[in-house]
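The sequence and structure are shown first.

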Amino acid sequence: KKKCKKIARGGGAEQVHADAKAEEAEARCVKYSQTYHRKEGDAVVACHICKSPRGELFRACPQCHKKRSWAHVSCLVDQSLKYRNYRACRVCKSQFGRSVKLAIATAMWRRYVHDPESSSNRAEALFNLAHAVNLFADDDSEEAVALYEVCASSLRQFRPSDGLIVDVYEELGDVYEHLHRHEDSFAMRRASYDAKAVLFAMEAHMVFHPAWMFANALIEYKRYKEAQIFLREALVFAASGDSTYGMLDLHILLAEAIYKYDHVSTNDMILIESLFSHVDKILETADDREQNEKQKKSLDRSRRQMKRILDARDRADAGYAAACAGAVAACARDATAGATCMICLEDTSEGLVRGCGCGFAHLSCLVRHARMATEATDHIDQEDKAEVVRWMQCPLCRADQRGYVSLALAWKYRRSRMVGEDDDDYNIDGRMARIAIGAAWFNTGAIEEAIPLLSDGIDGLINYHGYEPSHTAFAFGRRYLVRCYDALGWEDDAQELRNDMEEDAADERRRIARLTEVPPSEHGGDADTVS
């Protein structure tokens, strides 16, 4: 009862909570400043805004001269509201530290917490508070997400024409991205574009940046068809704008979304060339030399990347076709009359293959099954990259596929994992595919071709991607590399690799034992007494 009266006298629970947070943030800044920036014998400092030496002062901007860097929180809040900027120093223009931003934001929210939701000061205070809380939590704060969402909801309901809503959407999209909430991030980036398209309907050049951000996010997460649809829509709207270079950025991005898509038709190639030609034509008549050089570099990079991607796809398709022909020819003499595919239970003119002792199957059925298994467990395999093993094993007995069947599946795995990716050393899917193809070459007897692929794939997982020996793909590659060494009679190399594998397995067992053992404090006795 006494607590309720105290809260009522303080202005309500929301006001009491805001007061406590503001005082806590201010005390943190004051204590830090007095400890690290104030030395014995220093002259008396005063607030550089109100010129008063009284009250709680802290050093807001270490970049400024000492006399101009100390201030009261309340003075900084007044100055921030006057100039509509709480994130940077008014004197030297450098950004405040995150503790100072949090102190200013909590003090601002403390002042406007009881304003009506339609108030612009309240909306801005809530937005600044969300930004500061997010910074203080290193982009990993569910509390910041809640504040951003409340601010966005309030602006949508009471101030839909306020330009602040665009900033809220953009920052909330970034926070969602850091929290791996990709669908929510896409929704916020699209909302940012839509809001700017409405607010600046007569100024189309203002929507280029949010349009580029949203389309680039779609391409980054391999949603190429959605990116194509959106960019076509954005280009129609942006055609009324006067930003030449913004339009060219969207043209290049549309070409990228088309050639990174898995199926590129002849019409798509014609469209890509027309987009590139349009960019070249505009750059010939543009006047800004610096921007022209920047755009030409971007265009050349996109053209080189397209060539690498399409060449790598052609190589994968040719390898798959040759392996298919070899697999069907090798299994033709073994297939009995009336044999059917063990997956689809049908016998078609495609040709049956046999990669293990389970039975015959169509290569297309094996590929389809591997894709479905990978998609179903993608959230599990994301870190472990176990999909390479799923592609190379029989769906029934889990034994490794043999011969040309193994090689065909490896090439198809390479083709399926290179959607939108070129064949460079930093591409982790390319490294995984080299391990798969190397293992397949061993299964066909081409051991000398298998060793460099396996070694390169394993080294890449360690050097470029920091993979541990316990990862499934890493262990799969080393197992086949030992088999290659044994087949060639390289006993010393094989034994050295076996010793490394045994040591890594022992380290992994010890690590798991440390994680699963129960500390004595949790059960009141020694760990050996636990049943």
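Arg110 and Asp19 form a salt bridge in which the closest N and O atoms are 2.9 Å apart. Because Arg110 belongs to helix α4 (residues 98-112) and Asp19 to helix α2 (residues 13-36), this pair ties together parts that are 91 residues apart in sequence. The model is predicted, and the side-chain atom pairs reported here count only at pLDDT 80 or more. Asp19 is buried, since its relative accessible area of 18% falls under the 20% limit. Arg110, at 29% relative accessibility, counts as partly exposed.

Arg110 also forms a salt bridge with Glu23, where the closest N and O atoms are 3.3 Å apart. Glu23 lies in helix α2 and Arg110 in helix α4, so this pair ties together parts that are 87 residues apart in sequence. Glu23 has a relative accessibility of 45% and therefore counts as partly exposed.

## Further charge pairing

Side chains of opposite charge can pair when their charged atoms come close. Under the rule applied here, the count comes to 20 salt bridges. One of them joins the side chains of Arg190 and Glu233, with an N to O distance of 2.8 Å. This pair links distant parts of the chain, with Arg190 in helix α8 (residues 182-199) and Glu233 in helix α10 (residues 224-238), 43 residues apart. Arg190 is partly exposed at a relative accessible area of 25%, and Glu233 is likewise partly exposed at 36%.

Which residues are linked in a network of salt bridges? The network consists of Glu142, Glu149, Arg181 and Asp184.

## A patch of negative charge

A patch of negative charge is found on the surface, where Glu491, Asp492, Asp493, Glu496, Asp500, Glu502 and Glu503 gather. Asp492, one of these residues, lies in helix α21, which spans residues 491-516. Why does Asp492 count as exposed? Its relative accessibility is 65%, and exposed residues are those over 50%.

## Cysteines without disulfides

A disulfide is a covalent bond between the sulfur atoms of two cysteines. How many disulfides does the structure hold? The number is zero. Cys344 takes part in no disulfide, and the nearest cysteine sulfur, that of Cys365, is 3.7 Å away. A disulfide requires the two sulfur atoms to be within 2.5 Å. Cys344 counts as partly exposed, with a relative accessibility of 24%.

For Cys397, the closest cysteine sulfur is in Cys358, at 3.4 Å, which is too far for a bond. Cys397 also counts as partly exposed, at 39% relative accessibility.

## Positive phi angles in loops

Most residues other than glycine have a negative phi, and most peptide bonds are trans. Lys222 has a positive phi, near 60°, in a residue other than glycine. Lys222 is located in the loop between α9 (208-220) and α10, and is partly exposed, with a relative accessible area of 35%.

Arg398 is not a glycine, yet has a positive phi of about 65°. This residue is found in the loop between α16 (387-392) and α17 (403-416). With a relative accessible area of 44%, Arg398 is partly exposed.

## Residues apart in sequence

Leu352 is located in the loop between α13 (289-332) and α14 (363-376). Is Leu352 buried or exposed? Leu352 is buried, because its relative accessible area of 10% is under 20%. The C-alpha atoms of Leu352 and Ala329 are 9.4 Å apart in space, while the two residues are 23 residues apart in sequence.

Thr444 lies in helix α18, which covers residues 428-444. Its relative accessibility of 26% makes Thr444 partly exposed. Between Thr444 and Arg402 the separation is 42 residues in sequence and 7.2 Å in space, C-alpha to C-alpha.

Notes. Residues are numbered from 1 along each chain as its sequence is written. This is a predicted model: local features need pLDDT of at least 70, side-chain atom pairs count only at pLDDT 80 or more; totals for chains, interfaces and linings use all residues. Side-chain values use heavy atoms; hydrogens and water are left out. Patches are made of residues with over 30% relative accessible area and no salt bridge: like charges are joined within 9 Å, nonpolar side chains (Val, Leu, Ile, Met, Phe, Trp, Tyr) within 5 Å. Accessible areas come from the Shrake-Rupley method with a 1.4 Å probe; for residues, only the protein chains shown count as cover. A salt bridge is a side-chain nitrogen of Lys or Arg within 4 Å of a carboxyl oxygen of Asp or Glu. Lys and Arg count as positive and Asp and Glu as negative; His and the chain ends are not counted. The place of a charge is taken as NZ of Lys, CZ of Arg, CG of Asp or CD of Glu. Helices (H or I, at least four residues) and strands (E, at least two) are DSSP runs, numbered from the N terminus. Buried means under 20% relative accessible area, exposed over 50%, partly exposed in between (1.4 Å probe, protein chains only).
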